[in-house]
Amino acid sequence: MSWLDVSITAGIWALEILAIAVPVALSVAYITYVERRVIGFMQVRKGCNRVGWAGLLQPIADGLKLFLKETIIPTTANKLLFVAAPVMALVPALVAFAVVPFGETTLFGVWETAHVMAIADLNIGVLYVMAISSLSIYGVLMAGWASNSKYTFIGAMRATCQMVSYEIAMGFAIVTVLMMSGSMNLSAIVHAQQGGFWHWYLIPLFPMFMVYFISGCAEVARTPFDLIETEELVSGYFTEYSGMWFATFSLAEYGAMILISLLTSILFLGGWYAPLPVLDFIPGTVWLLAKTSFLIFVFIWFRATFPRYRYDQMMRLGWKVFLPLTLVWLAVIGLAIYTPGISDIINFWRPGVGA
Amino acid sequence: MIELGFFYLFSGLAVVSALGVVLSRNTVHSVISLIFCFFNAAALFFLLDAEFIGIILILVYVGAVMVLFMFVVMMLEVNFAGLREGMLQYLPVGGLVALVLFIEIVAAAGSGVFSPTGIPDPGHAAQHVNNTVEIGKLLYTKYLLGFEIAAIVLLVALVGAVVLTLRVRKDAKYQNISKQVNVNPDDRMRKVKM
């Protein structure tokens with residue numbers, strides 16, 4: 001491989017990365033807008049509607065405002081870690097998008113076979129996403145500790161407990177998906193759910209779908225589980241942050257929310273396949289993004305509907321409800337696969353693996 | 001060529017971050033260096049096509065073990081002056097241990113086991129070989145007994161940790177959450193006829 005080839009490959013990679021990172025950043029901006037409008041609608045008020053038509057320029061105005069604000073570093077803070085923490089929170093949230101398949105394309109018939117639209121179609125895609133998203137905790141922990149304040153530190157401690165607890169339930173929920181698909185490759189998992197909504201893992205794994213989505217909600221600390229940034233902590237681990245560094249934390253939070261929604265669509269809702277095979281003429285990417293948008297809407301809906309959990313209740317939900325539930329369902333699926341008679345039923349969702 | 005460059009990059013960074021663990025005055029900085037060191041070790045596994053082991057290293061060590069490490073280290077308030085007081089007292093024993101370790105490392109490095117002839121280049125696995133599937137096949141057939149023993153040991157450690165740290169305090173009032181969840185209005189409200 002000559003240096004020219006290497007640089008061409010690197011250039012294509014850079015373009016691919018930009019093609020995902022820029023839309024993610026833009027959709028984060030507009031999710032904040034949608035969130036305010038939807039919650040406004042649910043609470044019978046207008047929401048932001050002043051800047052631009054129907055308030056559509058509001059996220060840009062917010063961004064500009066945050067950009068122009070002064071970044072204050074507390075004098076007693078550990079300066080190095082204080083500055084590094086928002087970056088360490090944002091990087092995992094964006095890097096995890098590298099393996100997410102956004103659909104299949106033949107590039108309008110230029111290629112003979114359909115290629116998966118992902119930066120890296122890894123064999124261990126699921127594990128990669130789990131590993132990378134578990135790193136986002138470091139940004140939170142470091143922000144809480146480096147600020148050198150009681151409130152931020154309590155916020156960071158709560159965040160650690162919460163994320164570590166819910167990761168286990170999420171992992172086991174994913175294991176049931178792996179048992180059905182027989183592969184850790186995200187595009188292979190989607191392929192196994194081809195052929196209409198009755199083939200989706202949503203049906204045999206419905207409890208796991210609920211566990212995964214609610215745990216995802218806890219993992220990104222969205223409202224019923226947002227005790228790491230509650231009022232009594234004066235907004236938790238990022239109390240001391242201002243301006244762009246503060247915005248970086250929200251970028252990470254909303255980026256993680258998009259990722260959880262995307263993964264739930266891929267793992268349980270058939271990814272880029274249409275719910276009815278008749279509707280396959282609509283491009284797969286549109287379906288995937290539609291499913292993801294609906295799940296993001298559900299996130300916002302949760303926020304407008306549910307009161308916050310108490311801390312011990314949240315820990316109980318993770319360890320005493322979700323963990324046993326996932327273990328039981330793991331056993332149910334395992335037994336179903338190896339019991340003659342029942343295995344015929346379960347193998348309906350396991351094309352290529354069972355049968 | 002590029003591969004060799006990446007090998008030296010990752011192994012060099014691993015050595016530098018390992019030095020950072022030992023030499024850093026701030027314990028939190030040490031933990032962060034250790035995390036970075038694990039990352040570089042995982043990258044070396046990736047270079048060997050062992051993507052499953054590499055990602056498990058990140059998932060287990062960086063994603064779980066080091067989080068708890070950092071959690072504990074952040075809560076400790078280490079008294080550095082107090083630690084340095086005993087320095088001279090421990091120097092002979094510490095120096096001896098360091099010397100023995102150094103000799104062992106030199107002997108191991110010079111023994112020829114860790115040389116290109118001792119460990120031949122395994123080359124790259126074929127494109128269709130799935131690391132995870134191969135490890136799974138070996139683990140659940142040839143090494144099943146060892147695997148199960150490891151699982152039992154871990155289970156014992158887990159139960160032991162719970163038994164050692166669980167304290168049920170008689171004087172503390174615990175909330176019974178299932179009771180709280182299952183409560184109905186009649187338990188809390190009494191209608192009085194006027």
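Trainee: What should I know before I start?

Mentor: The model is predicted: local features need pLDDT of at least 70, side-chain atom pairs count only at pLDDT 80 or more, and totals for chains, interfaces and linings use all residues. Residues are numbered from 1 along each chain as its sequence is written, while chains are lettered from A and ligands numbered from 1 in the order in which they are written.

Trainee: How many helices and strands does the secondary structure of chain A come to?

Mentor: Helices (H or I, at least four residues) and strands (E, at least two) are DSSP runs, numbered from the N terminus. Chain A has 12 helices and two strands, and from the N terminus its elements run α-α-α-β-β-α-α-α-α-α-α-α-α-α.

Trainee: How does the radius of gyration of chain A sit against that of a compact globule?

Mentor: The radius is taken over C-alpha atoms, and the globule rule is 2.2 Å times the number of residues to the power 0.38. For 355 residues the rule gives a value near 20 Å, and the 21 Å of chain A agrees. Along the principal axes, the C-alpha atoms of chain A fill a box of roughly 65 × 55 × 50 Å.

Trainee: What span does helix α6 of chain A reach?

Mentor: The expected span is 1.5 Å times one less than the number of residues. Helix α6 (residues 150-181) of chain A has 32 residues and reaches 46 Å from first to last C-alpha, close to the expected 46 Å. After α6(A) comes G182(A), with a positive phi near 70°.

Trainee: At what angle do α1 and α9 of chain A pack?

Mentor: Axes are lines fitted to C-alpha atoms, for helices over the stretch in contact, and angles run from 0 to 180 degrees between N-to-C directions. Angles under 35 degrees count as roughly parallel, over 145 as roughly antiparallel, 65 to 115 as roughly perpendicular and the rest as oblique. Helix α1 (residues 3-42) and helix α9 (residues 243-268) of chain A pack at about 100°, with axes 9 Å apart, and are therefore roughly perpendicular.

Trainee: Which residues of α1(A) and α9(A) meet?

Mentor: Contact requires C-beta atoms, placed from the backbone, within 7 Å. V24(A), A25(A), S27(A), V28(A), I31(A) and T32(A) in α1(A) meet L251(A), Y254(A), G255(A) and I258(A) in α9(A).

Trainee: And where do the domains lie?

Mentor: Bounds come from an automatic or database domain assignment. Chain A has domain 1 (1-64) and domain 2 (69-349), with C-alpha centres 19 Å apart. Across them, 16 residues of domain 1 of chain A contact 12 residues of domain 2 of chain A.

Methods
Two residues are in contact if their C-beta atoms, placed from the backbone, lie within 7 Å.
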